[in-house]
Amino acid sequence: MKALNIFLSLMFVLFAGLQYNDPDPYVWMPIYLYSAVFCWLAARQRFYPKWYIAGILVYLLYATYKFFDQNGVEDWFTKHNAENLAETMKATKPWIEETREFFGLFICIGALLMNYFYGKRKMKTGRA
C-alpha cells in the first residue's frame with residue numbers, strides 16, 4: 001500500500017501540474033492536490049477518515065454535476081455516441097473535456113475510498 005500511495009500521490013501532483021493551461025486550473029489543481037496530500041499521508045501511515053469522507057462527498061457532488069451538465073457525460077454518451085476520449089489530448093469538444101473531468105473525479109474518489117477502508121482496518125487492528 002505504501003508504494004501504491006506514493007505512486008498515486010506523484011500521479012496526482014503531475015495531474016495538478018498539467019492543469020496550468022486548463023480554462024479552470026483554480027478548480028482542478030486543488031482537487032488533484034487534495035488527493036495527492038492524503039495519498040502521501042497514507043503512505044506515511046497517517047489516516048484521516050473524516051477528511052476522506054469529506055473529499056469523497058464533494059467529489060461525488062461535483063461528478064453528479066459533471067454527469068448531468070450540458071455537454072456532460074450523459075450528452076457524450078447519448079448525443080455523441082460515446083466518441084473516443086483519448087483520440088487527441090487536446091479537448092476540442094466540450095463534452096470530451098467534461099467527460100474526462102468526470103473520470104478524473106472518479107480516480108480521486110477511488111484513491112480516497114481505498115485509503116478510507118485501508119486506514120479504518122489499520123486503526124481497528126491497532127497498527128496505524
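**Exercise 1. Describe how helix H1 and helix H5 pack, and state which residues meet.**

Step 1. The axis of helix H1 (residues 2–17) comes within 12 Å of the axis of helix H5 (residues 94–125), and the two cross at roughly 150 degrees. Here axes are lines fitted to C-alpha atoms, for helices over the stretch in contact, and angles run from 0 to 180 degrees between N-to-C directions. Helices are DSSP runs (H or I, at least four residues) and strands are E runs of at least two, numbered from the N terminus.

Step 2. This angle makes H1 roughly antiparallel to H5. Angles over 145 degrees count as roughly antiparallel, under 35 as roughly parallel, 65 to 115 as roughly perpendicular and the rest as oblique.

Step 3. The crossing of H1 past H5 is left-handed; that is, the near helix is turned anticlockwise from the far one by less than a right angle, whereas clockwise would be right-handed.

Step 4. On the H1 side, Leu4, Asn5, Leu8, Met11 and Phe12 meet Ile107, Cys108, Ala111, Met114 and Asn115 of H5 (contact means heavy atoms within 4.5 Å). These residues divide into eight nonpolar, two polar and no charged. Ala, Val, Leu, Ile, Met, Phe, Trp, Tyr, Cys and Pro count as nonpolar, Asp, Glu, Lys and Arg as charged, and the others, Gly among them, as polar.

A note on the source: this is a predicted model, in which local features need pLDDT of at least 70 and side-chain atom pairs count only at pLDDT 80 or more, while totals for chains, interfaces and linings use all residues. Residues are numbered from 1 along each chain as its sequence is written, and side-chain values use heavy atoms, with hydrogens and water left out.

**Exercise 2. Describe the packing of H1 and H2 in the same way.**

Step 1. The axes of H1 and H2 are 8 Å apart, at an angle of about 160 degrees.

Step 2. H1 is therefore roughly antiparallel to H2, and their crossing is left-handed.

Step 3. Residues of H1 in this contact include Lys2, Ile6, Phe12 and Phe15, and those of H2 include Met29, Tyr32, Leu33 and Trp40. The contact residues divide into 14 nonpolar, four polar and one charged.

**Exercise 3. Which parts does the aromatic pair of Phe47 and Tyr118 tie together?**

Step 1. The whole structure has 17 aromatic pairs. Rings of Phe, Tyr and Trp (its six-membered ring) pair if their centres lie within 6.5 Å; planes under 30 degrees apart count as stacked, over 60 as edge-to-face and the rest as tilted.

Step 2. Phe47 and Tyr118 form an edge-to-face pair, 5.8 Å centre to centre with 70 degrees between the planes.

Step 3. Phe47 lies in the loop between helix H2 (25–43) and helix H3 (49–68), and Tyr118 lies in helix H5, so the pair ties together parts that are 71 residues apart in sequence.

Step 4. Phe47 is buried, at 10% relative accessible area, and Tyr118 is buried at 15%. Buried means under 20%, exposed over 50%, and partly exposed in between (1.4 Å probe, protein chains only).

**Exercise 4. Are Phe102 and Phe103 buried or partly exposed?**

Step 1. The two rings form an edge-to-face pair, 5.3 Å centre to centre with 80 degrees between the planes.

Step 2. Phe102 is buried, with 11% relative accessibility, whereas Phe103 is partly exposed, with a relative accessible area of 39%.
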